[in-house]
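I opened this notebook to record what I looked up in the structure shown below. The entries follow the order in which I consulted it.

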Amino acid sequence: VTYASVTVTVTDINDNAPTIVETWSSQYILQSTPINSIVGLVRAEDPDAGENATLTYTIVQDTGEDFSDLFFIHNVTGVITVISNFKVIREHIPLKIKVLDNGEPP
């Protein structure tokens with residue numbers, strides 16, 4: 001009789017989508033708000049493992065308006081900062097944030 005030792009490795013499949021669990025934004029942003037000031041945060045979680053749980057945050061251009069010249073979102077932390085002086089005063093700036101995991105398919 002002969003025996004063999006076999007190692008079986010079970011890997012995670014990308015079967016869960018990221019879920020946004022926390023959002024925060026400044027209620028008011030002054031026209032004189034210093035560049036690099038933190039004005040918001042988006043935080044998501046993904047119950048997958050490894051790359052399937054690594055998240056990437058981006059600002060999405062929506063409704064024909066592009067706010068990428070005013071705001072920056074850190075692609076790993078989800079922290080939103082001001083990157084330019086406000087030349088126009090607006091009552092409401094709708095930022096749409098996309099969160100993707102790095103698994104296949106995302």
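Which backbone oxygen lies 2.7 Å from a polar atom of the side chain of Thr33? I found that it is the backbone oxygen of Leu30. For a polar contact I used a pair of N or O atoms within 3.5 Å; within protein, one must be able to donate a hydrogen and the other to accept it, and residues adjacent in sequence count only if both atoms are side-chain atoms.

Basis of the entries. I note that this is a predicted model, in which local features need pLDDT of at least 70, side-chain atom pairs count only at pLDDT 80 or more, and totals for chains, interfaces and linings use all residues. Residues are numbered from 1 along each chain as its sequence is written, and side-chain values use heavy atoms, with hydrogens and water left out.

Entry on Thr33. I located Thr33 in the loop between strand 1 (19-25) and strand 2; strands (E, at least two residues) are DSSP runs, numbered from the N terminus. I recorded Thr33 as buried because its relative accessible area is 11%, and buried means under 20% (1.4 Å probe, protein chains only). Leaving out residues up to four places away in sequence, I listed Val82 and Asn85 as touching Thr33, where contact means heavy atoms within 4.5 Å.

I looked up the strand order next: 4 strands form an open sheet in the order 1-2-5-4, with antiparallel pairing. Strand 1 and strand 4 (71-73) are the edge strands, each pairing on one side only. On average, neighbouring strands of this sheet are turned by 20° against each other, direction ignored; the axes are lines fitted to C-alpha atoms, and angles run from 0 to 180 degrees between N-to-C directions. Two strands count as paired if DSSP finds at least two bridges between them.

Entry on the pairs. I noted 6 bridges between strand 1 and strand 2. Strand 2 is joined to strand 5 by 3 bridges, and there Leu41 has Val79 as its bridge partner in strand 5. Strand 4 and strand 5 (residues 79-82) also pair over 3 bridges, with Thr81 in strand 5 as the bridge partner of Phe72.

Entry on Gly40. I found Gly40 in strand 2 (residues 38-45), with Ser25 standing opposite. Why did I record Gly40 as buried? I did so because Gly40 has a relative accessible area of 1%. Beyond residues up to four places away in sequence, Gly40 touches Trp24, Ser25, Gly78, Val79 and Ile80. Finally, I read 12 Å between the C-alpha atoms of Gly40 and Ile93, which are 53 residues apart along the chain.

Terms used: Buried means under 20% relative accessible area, exposed over 50%, partly exposed in between (1.4 Å probe, protein chains only).
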